[in-house]
Amino acid sequence: MSSAASTKKAVRKTSKKRAYETSEINAQLSKEEKIELYRTIVGIRRFEERSLQAYNQGKIGGFLHLYIGQEAVATGIVSLMEENDHIITAYRDHGHALAVGMNMNECMAELFGKYTGCSKGKGGSMHYFAPDKGFWGGHGIVAGQTPLGAGLAFALKYKGLKGCAVCFLGDGAVNQGSFMETLNLVSLWGIPVVFVIENNGYSMGTSLKRSSAEESLAKRGEAFGIKWDTCEGHDVFEVREKANEAMTYARDELKPFLLEIRTYRYRGHSVADANHEKYRTKEEIETYKKNKDPINVLRKKLIADKTLTEASAKEIDQEKKVEADASAKFAEESPYPPKSELTNDVYWTVDNDTDQQLKGTYFFND
Amino acid sequence: MPLITYREAIKQALAEEIERDENVCILGEEVAQYNGAYKVTEGLWDKYGDKRIIDTPISEAAFSGLAIGASMLGVRPVVEMMFMSFSYVAFDQLFNNASFCRYMSGGLMNVPIVVRGPANGGTNVGATHSHTPENLVANHPGLKVVCPSNAYDAKGLMKSAIRDNDPVFVMENTLLYGEKWEVPEEEYVVELGVANVLKEGSDISIITHGRCAMISLKAAEILAEKHSINAEVIDLRSIRPLDETTILNSVKKTHRAVLVEENKPFCGVDAQISHLIQYKAFDDLDAPVHRVSAIDAPQIYSKPLEDWQIPNEERIIESVLKCLA
Ligand SMILES: Cc1ncc(C[n+]2csc(CCOP(=O)(O)OP(=O)(O)O)c2C)c(N)n1
Ligand SMILES: [Mg+2]
């Protein structure tokens with residue numbers, strides 16, 4: 001651990017010059033797999049753009065935290081998931097959900113509060129889940145998911161399964177007590193969890209400089225004896241390379257890892273955040289978009305290595321637009337949950353009490 | 001039947017469930033090497049080792065949340081709170097995550113954890129260590145909560161709680177840990193949602209839970225001896241789910257009810273019971289429902305005053321006489 005900081009500098013120097021797509025974990029990707037990465041990134045973008053449109057039309061209520069600009073992070077990491085791996089994140093969860101393979105229809109319908117939504121309209125934008133795909137939410141309380149992520153990894157170790165849990169959190173979430181408690185616990189117990197700080201520079205309207213005393217967030221790992229690293233989040237190949245190192249380490253060594261990924265969100269904190277050009281400059285947003293847009297970066301690389309052509313890239317884009325539009329139509333036409341659904345899915349035992357064996361009153365409605 | 005302590009009964013339940021199911025493990029501060037702050041887990045670490053009996057740092061939010069996350073993948077952790085008062089620093093984990101994850105996922109997951117530990121006053125430790133949050137728990141659909149008043153129930157309810165596929169809080173009581181009751185040697189469980197008629201009676205129903213059930217029973221004996229009042233004593237055992245039928249049947253028989261609990265009165269468990277009785281047995285009542293709760297102030301340290309603050313025989317008898325007047 002003591003030499004982590006110094007070796008890190010050396011690694012960063014050399015890695016800047018190297019193309020991440022040539023590293024082993026990326027070089028081994030088939031053409032189809034690379035196209036799939038592109039389809040996922042584009043899919044997230046088009047889905048969210050369509051959801052924003054629906055929000056502005058008044059079809060979606062509540063909060064809508066868009067992931068636009070950060071897509072390469074979830075896409076890259078989910079592409080590395082092995083059989084026993086699990087992920088969990090906060091409320092900015094659409095990208096992670098689509099990346100694990102949830103379909104646009106169920107995700108859009110959930111935003112509309114419809115019965116066909118992934119949570120039957122009970123969770124909303126911030127609370128997507130797909131346990132069958134290793135995706136455990138979708139959590140609305142800042143950093144509330146961090147001990148849960150540790151628990152998923154604890155269960156793997158307890159059951160003797162080789163795997164890891166990846167727990168995503170924001171640059172604001174690192175200042176929650178529950179996260180710091182969890183860092184100590186996972187290091188003390190040797191829990192195979194990778195915490196990925198998606199550092200988009202802002203927690204709501206507060207810049208990193210105004211919320212964290214020390215600018216390097218991952219470095220906090222050192223205080224707990226946790227190995228850490230940082231990388232950029234606009235290039236899916238860079239994300240994959242760094243996350244692969246972290247996830248492999250967690251699985252092989254049964255130890256936690258703290259990975260800080262610098263990224264950027266183009267939109268406001270949520271759609272309701274109309275002031276997002278007041279706490280940052282328009283120029284800052286435009287510069288990132290111009291130089292580091294994860295879709296553009298990937299498209300250029302894939303055209304350069306002949307995985308895609310301009311035309312085939314456009315085709316994917318068009319296909320995802322159509323899929324997103326169709327999901328909005330599906331959501332629109334779906335029914336709201338019936339009133340009887342209000343008290344379903346509260347207790348497992350009630351939902352499964354097919355032979356009426358349960359004793360006592362569970363709900364207290366006159 | 002052997003006489004064993006409340007503490008021993010809980011330990012037996014934990015040990016039996018650890019033996020029965022390899023996914024059951026115990027997590028908490030001082031539970032392993034130190035044998036438990038209140039010695040409830042004494043000897044378990046020696047017998048079952050590090051995998052099943054796990055000492056945690058003083059990080060209630062982290063280890064509660066970790067238990068919840070682990071339970072999503074089929075581990076069945078029993079989390080010890082050294083005092084239930086300390087669950088407040090894990091509030092988000094227990095009251096958001098344990099309670100609502102199932103709902104927010106539309107039923108895609110469940111959280112089979114047990115949160116157990118002492119939840120009582122009367123121990124001369126002041127306001128921060130004397131919470132009785134069964135009302136808070138019961139206010140969160142998705143959570144279940146039981147309050148065993150004796151060793152038999154403590155063992156039986158604990159076993160049910162561990163086998164339950166939902167999060168269950170088991171509210172114990174430090175003043176009961178050393179008390180003894182008859183507990184059978186054979187395996188048994190006490191189902192959630194079933195109240196216990198501790199004493200049958202015809203003049204008035206005393207409806208209560210936790211250690212107050214034992215105090216109410218003594219009060220009922222005094223009422224019989226000194227006042228010729230035949231009180232029925234109902235021990236709720238389980239708060240959520242709640243055995244409404246037993247409550248209502250008793251009130252329909254006696255036509256009067258005194259509710260006794262250690263909770264503070266405002267939004268205490270008995271506020272709900274009181275509503276239930278007036279709503280579903282209004283025509284059967286011959287007097288307003290009376291309540292004996294902890295006197296409505298932060299828990300006082302000073303011993304003689306604290307003994308007066310939480311329900312005692314004297315206050316219960318006074319309330320019963322008022323209700324019958
Ligand atoms: C405990 C808690 N406090 C405050 C909030 C309100 N809130 C929601 S998101 C957020 C900012 C979090 O920023 P960050 O962790 O950087 O994640 P990002 O939104 O950038 O993805 C705040 C303050 C909350 N949801 N939970
Ligand atoms: Mg942020």
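Helix 3 of chain A, residues 31-56, should span 38 Å at 1.5 Å a residue over its 26 residues, and its end C-alpha atoms are 38 Å apart, which agrees. The expected span is 1.5 Å times one less than the number of residues in the helix; helices (H or I, at least four residues) and strands (E, at least two) are DSSP runs numbered from the N terminus. Helix 3 of chain A is followed by A:Gly58, whose phi is positive, near 80 degrees. The model is predicted: local features need pLDDT of at least 70 and side-chain atom pairs count only at pLDDT 80 or more, whereas totals for chains, interfaces and linings use all residues. Residues are numbered from 1 along each chain as its sequence is written, and chains are lettered from A and ligands numbered from 1 in the order in which they are written.

Chain A holds 14 helices and seven strands. For its 366 residues, a compact globule would have a radius of gyration near 21 Å, and chain A has 21 Å, which agrees. This radius is taken over C-alpha atoms, and the globule rule is 2.2 Å times the number of residues to the power 0.38. The C-alpha trace of chain A spans about 65 × 50 × 45 Å along its principal axes. Of the 366 residues in chain A, 51% are buried, a residue being buried if 20 or more other C-beta atoms, placed from the backbone, lie within 10 Å of its own.

Chain B contains 11 helices and 14 strands. A compact globule of 325 residues would have a radius of gyration near 20 Å; the value for chain B is 19 Å, which agrees. The principal axes of its C-alpha trace give spans of about 60 × 45 × 40 Å, and 61% of the 325 residues of chain B count as buried.

Between the chains, 42 residues of chain A are in contact with 45 residues of chain B, contact requiring C-beta atoms, placed from the backbone, within 7 Å. On the side of chain A that touches chain B, helix 7 of chain A gives the most, with nine residues. By class, this side of chain A has 20 nonpolar, 15 polar and seven charged residues. Ala, Val, Leu, Ile, Met, Phe, Trp, Tyr, Cys and Pro count as nonpolar, Asp, Glu, Lys and Arg as charged, and the others, Gly among them, as polar.

Around ligand 1 there are 13 residues, of which A:Val142, A:Gly170, A:Gly172, A:Ala173 and A:Ser203 come nearest; a residue is near a molecule if its C-beta atom, placed from the backbone, lies within 6 Å of it. This shell divides into five nonpolar, six polar and two charged residues.

Definitions and conventions
A residue is buried if 20 or more other C-beta atoms lie within 10 Å of its own, exposed if 12 or fewer, and partly exposed in between; C-beta atoms are placed from the backbone. Two residues are in contact if their C-beta atoms, placed from the backbone, lie within 7 Å.
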